[in-house]
Protein chains: 2
Amino acid sequence: MSKEQPAWEKAREEFVTQWGSLGTQWGINRTMAQIHALLMTAPEPMCTDDVMEKLQISRGNAHTNLKDLVGWNLVRIITRKGDRKEYFEAEKDVWKIFVTISKERKRREIEPAIRLLRDCAAQTKGETSGPGREFNQQMKDLDEFLSFGMKVADTVITMKHASALQWAMRLLG
Amino acid sequence: MSKEQPAWEKAREEFVTQWGSLGTQWGINRTMAQIHALLMTAPEPMCTDDVMEKLQISRGNAHTNLKDLVGWNLVRIITRKGDRKEYFEAEKDVWKIFVTISKERKRREIEPAIRLLRDCAAQTKGETSGPGREFNQQMKDLDEFLSFGMKVADTVITMKHASALQWAMRLLG
DNA sequence: CATTTTTTCCTGAAAATACAGAACAAACAA
DNA sequence: TTGTTTGTTCTGTATTTTCAGGAAAAAATG
């Protein structure tokens with residue numbers, strides 16, 4: 001492939017490919033995870049062609065996943081004066097990455113679950129005994145737990161990194 | 001299909017199918033999520049044939065996913081005297097479910113990521129300036145964040161539910 | 001306007017995953 | 001032993017997801 005690579009690029013390539021594999025294990029598409037890893041470790045914003053070349057993927061694939069990452073707020077678009085291309089830059093601050101991912105997962109994964117639980121609880125509000133009552137209680141328990149957890153999460157992710165750190169230290173100490 | 005259904009079974013069926021769909025969104029196989037939902041709302045432990053019939057799935061599929069759930073420690077096997085069948089019962093306590101899932105995800109998803117980050121950091125330990133240095137720092141930042149987060153998580157998941165609740169209330173209040 | 005560059009969408013192929021159904025194995029009964 | 005019940009694994013098929021490559025659209029330039 002490419003000759004004359006700086007030493008750190010070797011490690012970077014391992015990071016990118018391996019992060020991609022890990023991604024698939026947590027339900028994220030491999031290419032998206034790889035692009036994210038690539039951008040997180042990019043000294044400069046990269047354009048679509050850069051990404052295509054580095055990962056050896058098609059334009060369509062690169063484009064879709066870049067835009068998906070933008071949709072996740074993990075990547076932003078940079079435009080340069082006198083250059084019509086779009087460049088992409090990933091958030092590198094770990095705390096901000098954490099907050100962004102938490103918010104998105106809450107919105108996409110937890111809130112629909114809570115809606116379902118509430119719906120099922122409402123449908124069985126009348127049950128006063130037996131299995132129906134237990135079902136209703138189980139729905140309410142799950143709802144309460146998730147809702148409370150979300151409140152806690154909201155509190156944490158609206159904190160500044162330093163405050164969160166301080167708070168966590170107190171828990172550990 | 002089945003005639004004469006208790007009212008709550010209607011809600012239960014919605015819960016099971018919808019929980020299955022949600023499952024696929026967070027990277028869990030639909031059948032596994034459905035079986036989990038079914039068992040979480042089962043008044044009695046169920047055997048493989050019960051699950052097959054309720055979900056209209058094959059024996060192989062039911063069996064594999066039941067055993068996977070057992071592997072996740074979310075479901076346990078019950079045997080009854082004078083009955084060779086295995087029955088399956090899901091943990092219903094939300095706090096215990098949370099603790100179990102957290103432990104497994106930590107082991108399967110976070111720890112491999114930390115190993116990768118440390119490896120990549122070690123490979124670039126020598127970099128003292130420029131992009132190499134930044135890459136090394138990024139790996140260390142991510143490692144530090146995840147490792148610290150895991151410590152916090154460990155502390156929380158080894159707490160009793162009541163203690164965790166009290167602690168969370170203090171954060172919110 | 002036409003031309004070029006860049007972005008977006010679409011189609012079909014390939015790969016990965018999930019699944020049914022059957023084959024197989026083990027445990028027990030008669 | 002043989003048959004029966006339950007549990008496990010395997011094989012092929014169907015579904016879903018991912019992706020390349022090209023067409024189409026949009027935007028910028030002259």
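Me: What makes residues of chain B count as in contact with chain A, and how many are there?
Reply: The test is that C-beta atoms, placed from the backbone, lie within 7 Å. By that rule, 40 residues of chain B are in contact with 40 residues of chain A. Bear in mind that this is a predicted model: local features need pLDDT of at least 70, side-chain atom pairs count only at pLDDT 80 or more, and totals for chains, interfaces and linings use all residues. Residues are numbered from 1 along each chain as its sequence is written, with chains lettered from A and ligands numbered from 1 in the order in which they are written.

Me: Which element gives the most to the side of chain B that touches chain A?
Reply: That's α6(B), with 11 residues. Helices here are DSSP runs (H or I, at least four residues; strands are E, at least two), numbered from the N terminus. By class, that side of chain B has 23 nonpolar, 9 polar and 8 charged residues. Ala, Val, Leu, Ile, Met, Phe, Trp, Tyr, Cys and Pro count as nonpolar, Asp, Glu, Lys and Arg as charged, and the others, Gly among them, as polar.

Me: Why are β1 and β2 of chain A called edge strands?
Reply: Each pairs on one side only, and the sheet order is β1-β3-β2, with antiparallel pairing.

Me: How do you know that β1(A) and β3(A) pair?
Reply: Pairing takes at least two DSSP bridges between the strands. 2 bridges join β1(A) to β3(A), so the pair qualifies. One partner to look for: A:Cys47 is bridged to A:Tyr87 in β3(A).

Me: What makes a residue near DNA strand C, and how many surround it?
Reply: Near means a C-beta atom, placed from the backbone, within 6 Å of the strand. 18 residues surround DNA strand C, the closest including A:Gly60 and B:Asn61. α4(A) gives the most to this surface, with 4 residues. By class, the surface has 1 nonpolar, 9 polar and 8 charged residues.

Me: Why is the crossing of α6(A) and α1(B) called left-handed?
Reply: Left-handed means the near helix is turned anticlockwise from the far one by less than a right angle; clockwise would be right-handed. The axes of α6(A) and α1(B) cross at roughly 35 degrees and come within 9 Å, and α6(A) passes α1(B) in a left-handed crossing. Axes are lines fitted to C-alpha atoms, for helices over the stretch in contact, with angles from 0 to 180 degrees between N-to-C directions. Among the residues that meet there are A:Phe135 and B:Trp8.

Key: Contact = placed C-beta atoms within 7 Å.
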